[in-house]
Amino acid sequence: MSEERKIILETQNVSRYFGALKAVDNVSLQIYEGEAHAIIGPNGAGKSTFMDLVINRTSPSEGKVFFEGKDITKKKPYDIANLGISKCFQISQLFPKLTCCENVRIALIKHHNKIFDMLPKKESYLRDECRKVLAMVGMQDHMDDSARFLSYGDQRRLEIAITLAMEPKLLMLDEPTAGVARAEGYEIMKMIRDLAKEKDFTVIFIEHDMDIVFNYADRISVLSQGALVTTDTPERVKQNKFVQEAYFGGKL
Ligand code: ADP
Ligand code: MG
């Protein structure tokens with residue numbers, strides 16, 4: 001990684017306290033434009049909270065967040081989404097009774113707001129757009145399937161499609177492969193990497209499976225008890241003493 005790489009997201013001394021607990025503790029992190037950046041760490045390390053601080057779903061107790069050089073710390077989550085940060089939640093954000101097409105449609109309308117109203121054939125245009133978004137994740141044949149009957153892997157794909165409908169510059173994924181078999185986890189991660197290259201967006205992902213992390217991350221940040229242990233390349237992170245003990249010596 002060269003020194004001159006453009007920084008898309010930066011947190012400066014970001015902390016979040018829940019009473020006496022420091023869920024995120026003074027984290028300063030720079031994410032390069034175009035990279036796939038993994039966040040790892042034991043359960044309760046503050047990974048999900050850190051992502052929530054970026055989109056102000058949880059407000060930081062201290063510190064600042066910058067996106068494309070602009071201070072977004074106090075912006076509303078909705079405005080942050082409109083700036084180009086999309087987060088795929090660990091807990092499903094799907095509408096289970098709606099079809100895949102309808103789930104994506106909601107996201108498209110939210111993102112494009114009033115633009116569709118001006119189109120003469122709004123409904124068929126929207127359906128075509130939904131199909132295109134679903135095709136990105138290989139789900140174009142599930143247009144009219146109800147979300148609740150999808151396999152777990154396809155639900156994750158649909159969740160990713162919904163975030164892609166927002167045309168993000170930065171996509172944040174909280175355990176995108178959780179609950180799916182390893183082979184499918186690999187497929188999902190590969191799909192995300194390919195899409196990121198094709199559509200030119202940056203990815204931050206939280207992931208427990210170290211094989212996936214070391215195969216798909218350009219850089220890795222390690223959190224422990226809210227604090228940043230290190231940010232580095234996979235090769236160097238693998239040599240890190242904390243990582244060695246937490247992941248390769250003992251159980252997570
Ligand atoms: P991770 O995603 O790394 O497993 P989390 O960010 O979910 O960790 O949680 C970090 C710590 O903060 C945990 O100890 C968790 O119990 C605590 N925590 C998270 N959210 C809240 C909340 N809303 N209220 C109180 N404690 C919380
Ligand atoms: Mg979590």
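## Cysteines

The structure contains zero disulfides, a disulfide being a pair of cysteine sulfur atoms within 2.5 Å. Cys-88 is in none, and the nearest cysteine sulfur, that of Cys-100, is 14 Å away. For Cys-100, the closest cysteine sulfur is in Cys-101, and at 8.6 Å it is too far for a bond.

Cys-88 is buried, at 3% relative accessible area, and Cys-100 is buried as well, at 0%. Buried means under 20% relative accessible area, exposed over 50% and partly exposed in between, with a 1.4 Å probe and protein chains only.

## Basis of the values

The model is predicted: local features need pLDDT of at least 70 and side-chain atom pairs pLDDT 80 or more, while totals for chains, interfaces and linings use all residues. Residues are numbered from 1 along each chain as its sequence is written, chains are lettered from A and ligands numbered from 1 in the order in which they are written, and side-chain values use heavy atoms, without hydrogens and water.

## Nonpolar cores

A nonpolar core is a set of buried Ala, Val, Leu, Ile, Met, Phe, Trp, Tyr and Cys residues joined through side-chain atoms within 4.5 Å. The largest has 52 residues, of which Val-104, Leu-158, Ile-160, Phe-205 and Ile-220 touch the most other members. Helix α6 (residues 182–199) supplies the largest share, six residues; helices are DSSP runs of H or I, at least four residues, numbered from the N terminus. Because domain 1 (1–84 + 200–252) and domain 2 (87–167) both contribute residues, this core lies between them; the domain bounds come from an automatic or database assignment.

A second, separate core of 24 residues includes Phe-50, Met-51, Ile-55 and Val-65.

Technical notes. Helix = DSSP H or I, 4+ residues; strand = E, 2+ residues; numbered from the N terminus.
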